[in-house]
Amino acid sequence: MKNIKIDTEFIDNQLSNNDLNDILGEAWEAFRTLTARTGAGNNFLGWIDLPETIQSQIADIRSDVARLAPEIDTFVVVGIGGSYLGARAAIEALSASQERAAGDESPHILYAGNTLSEDYYWQLMQQLDRCNYALAVISKSGTTTEPAIAFRIIKSHLEHKYGMAEAARRIIAVTDAQQGALHDIALQQGYRSYVIPDNVGGRFSVLSPVGLLPIAMAGHDIGQLVAGARDMRKLCLENSTVDNNPALHYAALRNLLYRKGLPVELLVNFEPALHYVSEWWKQLFGESEGKEGKGILPHSLCYTTDLHSMGQYVQDGRRMLFETVISVEAAHHHVDIPHDEQNLDGLSYLEKKSLTEINHQAERGTVMAHYAGGVPVIRIVLPTLDAYCLGQLLYFFELACGISGYMLRVNPFDQPGVEAYKRNMFQLLGKPGFGR
Ligand code: PA5
């Protein structure tokens with residue numbers, strides 16, 4: 001079995017055994033509270049069992065994909081926050097893999113509902129004029145302003161382009177089982193629908209139809225994604241001890257570093273395909289932990305690209321950082337460094353090495369330098385970036401987030417702070433019921 005691992009080589013010397021034992025004991029208590037479902041927000045723990053409970057819906061999702069995908073060249077995913085980032089994270093992370101069969105003509109995925117930019121929508125509509133498309137509209141509440149506006153605009157375009165009945169056949173709604181404007185529209189218009197379970201919050205919903213439908217539509221293997229998550233669940237939840245639970249270790253280490261005066265965690269990678277995994281991770285941890293004046297600030301960088309922009313700060317700037325590196329061991333493809341007799345660029349010493357080997361040495365060199373410069377580094381090592389390993393990684397982060405939130409003594413499953421801007425915006429826009 002290909003398992004993700006945690007490597008603490010570049011953190012060990014900074015932690016005493018006592019510190020470690022204490023924090024692991026605390027993480028164990030938080031883990032017990034989470035899995036006994038007795039802590040704050042325990043009515044939002046459906047994600048813990050999603051790798052098991054979602055099995056029965058995989059066939060339905062695949063049959064919707066089989067019905068729609070051959071007819072279209074483009075699929076628009078309308079959603080924001082937890083109803084968007086998980087799907088995009090997985091789709092982009094898996095886009096470099098070889099899992100898509102040769103000749104696979106899965107639709108190109110476009111995203112909407114994650115911005116209010118007028119120019120963005122003008123360009124999107126120009127693009128959709130030329131595409132043969134269908135769409136998924138995803139919103140748990142069914143009332144979030146950004147996706148609701150995007151859906152109104154694109155639905156109207158779709159209806160003009162294909163007619164009402166055909167447009168309705170091309171729309172899939174993912175929303176609440178009972179309520180919300182989207183639920184009502186879907187019911188009235190007869191859209192194909194999926195339910196977001198009541199007990200699964202947006203940022204923990206990637207392994208529900210919220211994430212799985214778009215990921216499958218993009219041509220990726222959701223069976224393997226869920227299998228990876230299921231195996232990580234098993235590893236962490238069944239016969240778990242303090243020693244064999246990687247999610248507990250990660251939660252413990254980041255809290256220990258936070259308490260030692262490092263309030264910023266940089267999630268870094270050396271694979272550009274992981275950019276949106278970092279965006280998903282930022283929402284997961286930021287929205288779960290940033291409350292009551294507390295929380296580790298999640299930030300992310302893509303190396304080696306950002307070593308040429310932010311590398312100076314990480315190496316020598318204010319010491320408030322620790323780094324978590326997602327390290328991918330094996331690439332999917334091979335690109336030769338060609339022989340050049342003249343060697344004017346001085347690169348011939350690299351000819352016998354693969355780019356992955358060079359990338360790995362860049363990673364090691366970076367980690368050694370940052371560690372020496374006072375930035376402790378946790379490494380999360382993935383054997384490869386395929387659906388199975390990604391499923392493990394997503395579940396690993398979700399579980400670690402639940403444990404870590406309890407260690408910070410906050411409710412990791414609510415998000416009261418995100419309402420503040422909405423109240424002001426609604427008042428400024430004159431929404432009925434939000435008078436000045
Ligand atoms: O994690 C969350 O709960 C949020 O990020 C939501 O997913 C986001 O606000 C979108 O909400 P909804 O799915 O209700 O449109």
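Helices (H or I, at least four residues) and strands (E, at least two) are DSSP runs numbered from the N terminus.

Together with Ile149 and Ile153, Leu116 makes up a nonpolar patch on the surface, and the accessible area of the three is about 230 Å². Patches consist of residues with over 30% relative accessible area and no salt bridge, where like charges are joined within 9 Å and nonpolar side chains (Val, Leu, Ile, Met, Phe, Trp, Tyr) within 5 Å. Accessible areas come from the Shrake-Rupley method with a 1.4 Å probe, and for residues only the protein chains shown count as cover.

## Basis of the description

The model is predicted: local features need pLDDT of at least 70, side-chain atom pairs count only at pLDDT 80 or more, and totals for chains, interfaces and linings use all residues. Residues are numbered from 1 along each chain as its sequence is written, and side-chain values use heavy atoms, with hydrogens and water left out.

Five strands form an open sheet with parallel pairing, in the order β3-β2-β4-β5-β6; two strands pair if DSSP finds at least two bridges between them. The edge strands β3 and β6 each pair on one side only. From one strand to the next, the twist averages 20 degrees.

Strand β2 (residues 74–78) is joined to β3 in the parallel sense over five bridges, and Thr74 stands opposite His108 in β3. Helix α8 (residues 181–189) packs on the sheet and touches β4 (133–138), β5 (171–175) and β6, its direction making about 145 degrees with that of β5. Contact means heavy atoms within 4.5 Å. Axes are lines fitted to C-alpha atoms, for helices over the stretch in contact, and angles run from 0 to 180 degrees between N-to-C directions.

## Salt bridges

Side chains of opposite charge can pair when their charged atoms come close. A salt bridge is a side-chain nitrogen of Lys or Arg within 4 Å of a carboxyl oxygen of Asp or Glu, and by this rule the count comes to 23 salt bridges. In one of them, Glu287 pairs with Arg203, with 3.0 Å between the closest N and O atoms. Glu287 lies in helix α12 (residues 275–289) and Arg203 in the loop between β6 (192–195) and α9 (209–217), so this pair ties together parts that are 84 residues apart in sequence. Glu287 is partly exposed at 23% relative accessibility, whereas Arg203 is buried at 4%.

Glu289 forms a salt bridge with Arg254, the closest N and O atoms being 2.9 Å apart. Because Glu289 belongs to helix α12 and Arg254 to helix α11 (residues 246–259), the pair links parts that are 35 residues apart in sequence. Both Glu289 and Arg254 are buried.

## Surroundings of Tyr276

Tyr276 also lies in helix α12 and, at 17% relative accessibility, counts as buried. Leaving aside neighbours within four places in sequence, Tyr276 is in contact with Tyr84, Leu85, Arg88, Ala89 and Glu92. The C-alpha atoms of Tyr276 and Leu301 are separated by 11 Å, the two residues being 25 apart along the chain.

Note on methods:
Buried < 20%, exposed > 50% of the residue type's maximum accessible area, 1.4 Å probe, protein only.
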